[in-house]
Amino acid sequence: MSETPVVRLEKDGDIGVIIVNYPPVNALGPGVSDGIIDCLNKANADPSIKAIVLMGDGRSFIAGADIRGFGTGRKRPPIGERTYDVLDASPKPVVAAIHGYALGGGLENALACHYRIAVPAAKVGLPEVLIGILPGGGGTQRLPRVVGAQVALEMITSGRHVPAPEAAKLGIINQVLPEGANLRDAAVAYARKIADIRPLPRVRDKTVTADPGIFDAMRKSIARRARNQKAPYNCIAAVEAACTLPFDDGIRREAELFGELENSDEAKALRYAFFAEREVAKLPDLPVGVAPRDFTAPAVIGAGTMGGGIAMSFADFGYDVKIMDATQPALDRGMERIRNNYATSVKRGSLAEDEMQRRLARIHPVAGYDDIRDCDVVVEAVFEEMDVKKPVFAKLDEVMRPDAFLFTNSSALDIDALADTTKRPEKVAGTHFFSPANVMKLLEVVRGAKSSPETLFTAMALGRRIGKISAMAGNTDGFVANRSRAPFNSEMVILLEEGCLPEQVDKVMVDFGYPMGPFAVGDLAGLDIGAAGRRRRALANPNYRKLPIADKLVEMGRYGQKTGAGWYRYEKGDRTPHPDPEVAAIIKSVAAEMGVPQKVFTDTEILQRLLFSSVNEACRILEEGKAYRASDVDVMWLHGFGFPRYRGGLMFWADGIGVRNVYNQIASWHQQYGERWAPSRLLRELAETNTPFREAKPAPFV
Ligand code: T1G
């Protein structure tokens, strides 16, 4: 038998079985593609083998090219000598037997086979666009020949995973096996059944045509999502080539379009984000082998905007969740808000009516603490004031099962102070959701001084089980996400004192790639919320830099969308922000009272004033040991604040500017503006050694 470390050939009677074994997900890492070709050639040369199966060991078929290999200059075989070409040209039929995932190059290899079968739970897709490239293994030419141009365009520009039953309906999969079938046995039987069928059904022999208008229509429909990215447009061009060129010419065109992307800034940034999102789950200073405790009965205390969104997050992922509030009217209002949120999704078409009913049925409003005593995890989401939260925690500690975890959704308050109101501080941690809680993917897990490893692993796992990306933060005012964001929130208002307008700042940030400008976001969240935080910080820190313009708007009752006016004015029933001359006048008068010299700003200076201030604070957070790594800060900015993913994250973007350039600019603003721009120690050290932010060695986590 042909043996290579990552691919082997076995025989079941007259059927050859090629098995990929490159854990954890059978990416096409070093030796895998060569191994497949080697085994295929041996199977074709073996007269006792009539047909061939290609499958994966472990948890998956093939999850695609080894993303770590991109941008390394790793040589790839020329067209005609790749697995996709050799499978396609095989004189004996090859059956792809899919379980787990067939993604990217995995699905492309399967499409180059003659038949495809799958277990029901398998998923297939071409997600390359999500890492800034396009299917470079023939996927843009074969998939349209199987599912048609329109479906191929949708699958390739979205990168979505398609469940096997849907893939079968689309024609990608020839047969979905019954639940519980043994994939290998079924594949061998299937191969034996089709072994003598000729001509071999090759996807490349099909043709596909399309109405030329669908490509422009697709370009228009993705413009809002694609923003400044190139990959989605190259994907469309490649599918267009499948409909207009002979197969081999289309393959060459695909390779050209792929070549334009592999080393693009967006591809490097998206690859970075992909791995950062996996790195963030690793808690290197906690004991290995501590398993998160499973939970089945969550409860939420507080049925406000956040509490309702948190309850929805549990229900969306199949958990029955209890929710309570201090009064019945508050609970009723909370349930009404939840029903309205789901109804809006149904109206938008993003949620089916029956699914809404199923989720609503999982949310159980309860009268009081006695009704949640059997819950095994609780998330407190009451008003963001310590003297409101402490009694709640004391009561929870008294009522809840001794092994229940007590988590708080606080966005900034001291976790240890809450833990100390209980007799179980080791079971207390922060689970900070971002608004709207059922939409934003970030869950910031905040570590108390006494939080046990089991509690922390459980809180991290809780996020993953409800579709979030969990990231660990140390217990500091604002934790990591909001603390690193705080200087950004100050600088944006200080810029107004110096001559900017909200619409000018918002345009810069939207052009940079944010879905909304920060002033428009403020109006959405409510300016009164920020004012409460500023008041708390001013009380705690006499040197706190006040923001008179922002305070003035709140004093005038301009809270944003909820009052019809904030930084912008709003027409009744319309969320479109309109620049407001009254705000411009307020800015002018406050700036005059403050005697701030006015200036005209470039877009670059606006962008750097906002983002560099946060880069500096992120360095302070790292040097204090309140975050594990700079890439964790990036994950928080991507999933908590909508930082444009194709720029990698705050610190990755700053590395693109260069640590020394960032330091020099901040040092210059330090001279001009004083202490709030004092460079952090870590930033200075990184600049002195020219060490990229993403290689910063933070202090031990505390
Ligand atoms: N390359 C390298 N490492 C990968 C990988 C890949 N394709 N996929 C996963 N890993 C690592 C991951 O970093 C993690 O490592 C571990 O495997 C488990 O992953 C020519 C050019 C398959 C749905 O984009 O979407 O093919 O943290 O935690 O949640 O046209 O991994 O353990 O050290 O995500 O079960 C196209 C990317 C590539 C698929 C499984 N393929 N992977 O999710 O596990 S480009 C993709 C995923 C391409 C061709 C083109 C997911 C998953 P560590 P995980 P999971």
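User: Which residues of strand β8 (residues 115–118) are buried, and on which side does each stand?

Analyst: This is a predicted model, in which local features need pLDDT of at least 70, side-chain atom pairs count only at pLDDT 80 or more, and totals for chains, interfaces and linings use all residues. Residues are numbered from 1 along each chain as its sequence is written, and side-chain values use heavy atoms, with hydrogens and water left out. Strands are DSSP runs of E of at least two residues, and helices runs of H or I of at least four, numbered from the N terminus; buried means under 20% relative accessible area (1.4 Å probe, protein chains only). In a regular strand the side chains alternate between the two faces of the sheet, and both faces of β8 are covered, with the buried residues being Tyr115 and Ile117 on one side and Arg116 and Ala118 on the other.

User: Which residue in β8 does Val95 stand opposite?

Analyst: Two strands pair if DSSP finds at least two bridges between them. Strand β6 (residues 94–98) and β8 pair in the parallel sense over four bridges, and the residue opposite Val95 is Tyr115.

User: What is the bridge partner of Ala118 in β11?

Analyst: β8 also pairs with strand β11 (residues 175–176), in the parallel sense and over two bridges. The partner of Ala118 there is Val176.

User: Which strands stand at the edges of the open sheet, and why is one side of each left without a neighbour?

Analyst: The open sheet has three strands in the order β7-β9-β10, with mixed pairing. One side of each edge strand lacks a neighbour in the sheet because each has a single partner strand, and the strands concerned are β7 and β10 (162–163).

User: How far is an oxygen atom of the ligand from a polar side-chain atom of Glu108?

Analyst: Residues count as near the ligand if one of their heavy atoms lies within 4 Å of it, and of the 30 around it, Arg59, Ala65, Glu108, Glu128 and Arg278 come nearest. A polar contact is a pair of N or O atoms within 3.5 Å. An oxygen atom of the ligand is 2.3 Å from an N or O atom in the side chain of Arg59, while for Glu108 the corresponding distance from a ligand oxygen to a polar side-chain atom is 2.5 Å.

User: Which element gives the largest share of the shell around the ligand?

Analyst: The elements that give two or more residues are β5 (64–65), β7 (101–103), α3 (105–112) and α11 (265–279). The largest share, three residues, comes from α11.

Terms used
Polar contact = N/O pair within 3.5 Å; in protein donor to acceptor, adjacent residues only side chain to side chain. Buried < 20%, exposed > 50% of the residue type's maximum accessible area, 1.4 Å probe, protein only.
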